[in-house]
Amino acid sequence: MDGIALKLARLKREAQKEWKRKRKKIQQAAPSTAAEWRALVPEALGAVFKVVLIIGLPFAVLVRGAVFIYEHGTRSVWLAVATAGILTGGVITAYAVWIARKFIKRGVRGGRALAIPVAKWVALPLVLFYCGYSLLYLASVNAKSEPVRAYYRSVHPLLRLALSTAILVDHDILITDTGRVPEDYGRRGLPANDRTRHYKQADGWIHAVDLRTTGRGFIRNRGVQFYFWLMGFDTRRHVGTADHLHVELN
């Protein structure tokens, strides 16, 4: 027992020495002056930007890619979603290959062989699950009322993909309006609008939604508007019965 106690005490001393060495190294590397802290800011911002880019790229490829293909390649919404989904799966697989190569450099064998299994069993299921979730489900907290939520599956699939992705980042997004019929304008005391995208269009989908802006702050509202513009949608802030952000797909 005494021998075990001596070994434990020795390990404890060695651990403390190692911790002191690492702490000293960290302290030496840490900025000590205001100039050094200012010089660190661009590096920190660059690191944050890279992380955001890596995380956001698959979603951007899926949503923006689908909108671009739909508008410039094919008017088949499902073909556009499928093509963008394949591209997104490719991005996820590329991430996996990059990680596998890191393992290979450390001597782990078989890293390259992970690419096909990851594409088949990870990337593809992830894309299918996310698309299915986005197209079929809207949480009640993100819909102003049950009628708005009931209209959700009638909203254009590309707009649903974009909405679901926005909600991942901003959980407080509230959809205040989706589909309409001409009688709705009379009940709200507004003149009828025969060209509104809130009606079902020729393809059978509703091409517009309204999002609440009240009480959300300028930066958040502008951020959401910029996101939808970046994804290829038309956006307008205007007042009908209340101030809101109008988002539509051409």
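This is a predicted model: local features need pLDDT of at least 70, side-chain atom pairs count only at pLDDT 80 or more; totals for chains, interfaces and linings use all residues.
Two residues are in contact here when heavy atoms of theirs lie within 4.5 Å. Setting aside neighbours within four places in sequence, Leu-211 touches Leu-163, Ile-173, Leu-174, Ile-175, Thr-176, Val-224, Phe-228, His-244, Leu-245 and Val-247.

Leu-211 also turns up in the largest nonpolar core, a set of 41 residues, where Leu-211, Phe-228 and Phe-233 have the most contacts inside the core. The top contributor is α6, which puts in seven residues.

Next come the pockets. Rolling a probe the size of a water molecule over the atoms is a way to show where empty space is left. The largest pocket holds about 680 Å³ of space. Its lining is made up of 33 residues, and the ones nearest the centre are Asp-177, Arg-180, Arg-188, Asp-210 and His-244. Two or more lining residues come from each of α5 (146-150), β1 (175-177), α7 (182-187), β2 (208-212), β3 (234-239) and β4 (243-248). Sorted by type, the lining has eight nonpolar, 13 polar and twelve charged residues.

The second largest pocket has a volume of about 590 Å³. Here 19 residues form the lining, with Val-52, Gly-56, Thr-165, Val-169 and Tyr-227 lying nearest the centre. The elements giving two or more residues are the helices α2 (34-72), α6 (157-169) and α8 (218-230). Helix α2 has the largest share, at eight residues. As for residue types, this lining counts 15 nonpolar, three polar and one charged.

Finally, the aromatic rings. A search across the whole structure turns up seven aromatic pairs. One of them joins Tyr-133 and Tyr-137: the ring centres are 5.5 Å apart and the planes meet at 40°, so the pair counts as tilted.

Methods: Residues are numbered from 1 along each chain as its sequence is written. Side-chain values use heavy atoms; hydrogens and water are left out. On a 1 Å grid over the protein atoms alone, a cavity is a set of points where a 1.4 Å probe fits but cannot get out, and a pocket is an open set with protein on both sides within 12 Å along at least five of seven lines; lining residues have an atom within 4 Å of a point. Grid points are joined across faces, edges and corners, and a volume is the space filled by probe spheres set on the points. Helices (H or I, at least four residues) and strands (E, at least two) are DSSP runs, numbered from the N terminus. Ala, Val, Leu, Ile, Met, Phe, Trp, Tyr, Cys and Pro count as nonpolar, Asp, Glu, Lys and Arg as charged, and the others, Gly among them, as polar. A nonpolar core is a set of buried Ala, Val, Leu, Ile, Met, Phe, Trp, Tyr and Cys residues joined through side-chain atoms within 4.5 Å. Buried means under 20% relative accessible area, exposed over 50%, partly exposed in between (1.4 Å probe, protein chains only). Rings of Phe, Tyr and Trp (its six-membered ring) pair if their centres lie within 6.5 Å; planes under 30 degrees apart count as stacked, over 60 as edge-to-face and the rest as tilted.
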